[in-house]
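User: Please take a close look at a single residue in this chain. I would like to know how it sits among its neighbours.

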Amino acid sequence: MTSPLHELLAADRFAVTAEISPPKGSDCGEFLEKARALRGTVDAINVTDNQGANMRISPLAPAALLVREGIEPILQLTCRDRNRLALQSELLAAAAFGVTNVLALTGDYITFGDHAAAKPVFDLDAVQLLQAITTLNAGRDLAGTALHGVPRFYPGAAAAPEAEPFELTLAKLRKKAAAGARFFQTQALFSPEKLIRFGEAVRPLGVKVIAGVILIKSAGMARYMNARIPGLTVPQELVAELDDAPRPLETGTAIARRLVATLRPHCDGIHIMAMGKEELIPEILADLHRGD
């Protein structure tokens with residue numbers, strides 16, 4: 001089974017994705033309300049996996065609920081919390097629920113989150129997880145045993161186009177593409193020039209580029225990102241713009257809207273990270289011309 005997102009990108013049509021964090025609890029009602037509100041606005045919704053190493057419900061349940069709703073999910077799966085048995089089991093369960101898009105991630109380090117004493121796993125890294133997905137797609141598990149029922153995953157990987165040195169980043173991306181990644185969803189971008197450099201470098205690898213745009217809700221959030229998130233730098237002029245803003249959230253929304261329009265010509269899709277303000281996604285996308 002080919003996913004609608006796969007079909008969209010394979011046809012060189014522009015894709016729009018957004019991410020929603022699952023609940024810290026078992027009630028997925030608010031999560032689903034946010035997802036339903038984005039129906040017709042985005043093509044697929046990323047379901048994050050213990051984002052920032054903060055414990056939440058497994059992304060598998062909300063992703064399966066999205067499938068039931070007729071909404072396309074992208075299941076994020078990290079290597080931090082599961083060994084290779086658990087990762088393969090989770091993937092096969094996802095396939096059984098009709099989830100086909102998977103974003104393979106190594107995962108933020110455990111000390112970033114709310115269970116700092118937990119033991120990280122990292123049995124596999126993101127490249128090895130992509131290799132596992134490719135192996136499952138071929139009808140075998142990592143031990144070489146044939147599967148009863150073969151999944152058809154559309155695998156993707158994360159990328160940091162603004163990370164330096166870029167040659168080191170590019171070497172990692174080549175490994176991810178060789179391991180089976182068919183699309184890259186990037187960290188938040190602020191420089192069209194660096195997106196152009198990134199696109200020129202990875203297009204020969206046969207992958208699609210979905211550029212990340214984040215809603216910065218305050219100058220304090222921008223400073224936190226600059227201090228704590230590797231490979232991501234909010235330009236000082238944007239920090240100053242937020243500092244001077246009487247209503248920082250409105251200004252952050254306007255900045256995200258500008259970035260969508262600026263980055264649009266240089267990528268295959270846009271990925272919106274609204275950081276809990278998903279109701280603002282239609283406004284952030286208001287100037288987007290998809291061209292299809």
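This is a predicted model: local features need pLDDT of at least 70, side-chain atom pairs count only at pLDDT 80 or more; totals for chains, interfaces and linings use all residues.

Analyst: Start with the whole chain. Among the contacts with a separation of 6 or more, 76% are between residues 24 or more positions apart. The chain holds 11 helices and eight strands. Its radius of gyration is 18 Å, close to the 19 Å that the globule rule gives for 292 residues, so the chain is as compact as a globular protein of that length. Along the principal axes, the C-alpha atoms fill a box of roughly 60 × 45 × 40 Å. Of the 292 residues, 50% are buried.

Now zoom in on Asn101. This residue lies in strand E4, which covers residues 101-105. Is Asn101 buried or exposed? Its relative accessibility is 0%. Buried means under 20%, so Asn101 counts as buried.

Next, the neighbours. Leave out residues up to four places away in sequence, and Asn101 touches Ser3, Leu5, Glu72, Pro73, Ile74, Leu75 and Tyr154.

Which side chains form polar contacts with that of Asn101? Ser3 is one partner, with a polar contact of 2.7 Å between the two side chains. Glu72 is another, and here the side chains are joined by a polar contact of 2.6 Å. Look at Glu72 again. Along the chain, Asn101 and Glu72 are 29 residues apart.

Asn101 is a buried residue in strand E4, and its side chain has polar contacts with the side chains of Ser3 and Glu72.

Notes
Residues are numbered from 1 along each chain as its sequence is written. Side-chain values use heavy atoms; hydrogens and water are left out. Helices (H or I, at least four residues) and strands (E, at least two) are DSSP runs, numbered from the N terminus. The radius of gyration is taken over C-alpha atoms; the globule rule is 2.2 Å times the number of residues to the power 0.38. Buried means under 20% relative accessible area, exposed over 50%, partly exposed in between (1.4 Å probe, protein chains only). Contact means heavy atoms within 4.5 Å. A polar contact is a pair of N or O atoms within 3.5 Å; within protein, one must be able to donate a hydrogen and the other to accept it, and residues adjacent in sequence count only if both atoms are side-chain atoms.
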